[in-house]
Amino acid sequence: MRDQRIRILNIANMNSDSGVACFLMNYLRAMDMKKFRMDFVCWDKREDNCYAEIKKMGGRVFLVTSYKKNPIRFLAEIRKIVKQGGYDIIHGHEAIMSLPALWYGKKYKVPVRIAHSHSVGMTSPVKELIASVSRHAFERYCTDVMACSKMAGDYLFGDQVFQERGQVLHNAIRTEEYAFQTEVRERLRRELGADKELVIGHVGRFNENKNHKFLVDVFEKVLEKEKRCPASFDRRGRNDGRCEEAGQ
């Protein structure tokens, strides 16, 4: 007998330091898994990813060949998963790399096919070019488009398509986990050696599309008013050196 849960196939590389992965895991933990089954197509094989928790909650993780190593095999594996999966929904979170699954989804009559924009920029000029020429493909192969903001939706899908068919899906969090705690504040200030100074903290990947240069420019203005103002950066992700150069 076929599993009666709604089957959702997510195209998302679930590395644990990814904002997209955090977004998806927040929703996954809040969903009624008696009604839904969330499967994932990923190509990052690091051991610190979210795969164990996904499997514990009843989902499946398909580790496919990286498109960078073997694009033909990548496409073949995506095709097999979509063709045999019997999915009700395909939800693509990887912009350009979601297109093969969305294309196969239309071919094999998956009723709901969603592309989701999580950013307002790409990490390279080549990817920017590919994204710009892919807008027609998203319009053709998707039944719906989503984004974390209207700006992100307009960027990837074009303002007309997003206005007609788009929906903003906010990056929901469990607010109680981020509630102010006096003891945490005091402990962190001791670790930073800060007494009564204003402290500015930032957590985020050091990638160009996170716009750290703007953050450094703002901090420069703050220093004009607060001469002793430490800034703490939790550095994650790849970086080509420009973030540090901006702070010199």
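Guide: Welcome! A salt bridge here is a side-chain nitrogen of Lys or Arg within 4 Å of a carboxyl oxygen of Asp or Glu. This is a predicted model, in which local features need pLDDT of at least 70 and side-chain atom pairs count only at pLDDT 80 or more, while totals for chains, interfaces and linings use all residues. Residues are numbered from 1 along each chain as its sequence is written, and side-chain values use heavy atoms, with hydrogens and water left out.

Visitor: What makes K150 and D154 a salt bridge?

Guide: Their closest N and O atoms are 2.6 Å apart, and the limit is 4 Å, so the pair qualifies. K150 and D154 are 4 residues apart in helix 7 (residues 150-157), which means about one helical turn separates them. Helices (H or I, at least four residues) and strands (E, at least two) are DSSP runs, numbered from the N terminus.

Visitor: Why is K150 called exposed and D154 buried?

Guide: Buried means under 20% relative accessible area, exposed over 50%, and partly exposed in between (1.4 Å probe, protein chains only). K150 has 53% relative accessibility, so it counts as exposed. D154 has 18%, so it is buried.

Visitor: What makes D217 and K213 a salt bridge?

Guide: The N to O distance between their side chains is 3.3 Å, so the pair falls within 4 Å. Both residues lie in helix 10 (residues 212-225), 4 residues apart, about one turn of the helix. K213 is exposed at 54%, whereas D217 is partly exposed at 31%.

Visitor: How do you know that R60 and D39 link distant parts of the chain?

Guide: First the bridge itself: the closest N and O atoms of R60 and D39 are 3.4 Å apart. R60 sits in the loop between helix 2 (51-56) and strand 3 (61-63), and D39 in strand 2 (residues 36-42), 21 residues apart. R60 is partly exposed, at 36%, while D39 is buried, at 0%. The structure holds 7 salt bridges.

Visitor: What makes N13 buried, and what does its side chain reach?

Guide: N13 has 12% relative accessibility, so it counts as buried. N13 is in the loop between strand 1 (6-11) and helix 1 (19-30). Its side chain reaches the backbone nitrogen of W43 at 2.9 Å, and that of D44 at 2.9 Å as well. Contact means heavy atoms within 4.5 Å; not counting residues up to four places away in sequence, N13 touches S18, C42, W43, D44, Y51 and E94.

Visitor: Why is H91 called buried?

Guide: At 10% relative accessibility, H91 is under the 20% limit, so it is buried. H91 lies in strand 4. Leaving aside neighbours within four places in sequence, its contacts include I8, L9 and M146.

Visitor: Where is confidence highest, and where is it lowest?

Guide: pLDDT is the predictor's confidence in each residue, from 0 to 100. Confidence is highest in strand 4 (residues 89-92), at 98, and lowest in helix 11 (residues 242-246), at a mean of 53. The chain averages 85, and 89% of the residues score at least 70.

Definitions and conventions:
A polar contact is a pair of N or O atoms within 3.5 Å; within protein, one must be able to donate a hydrogen and the other to accept it, and residues adjacent in sequence count only if both atoms are side-chain atoms.
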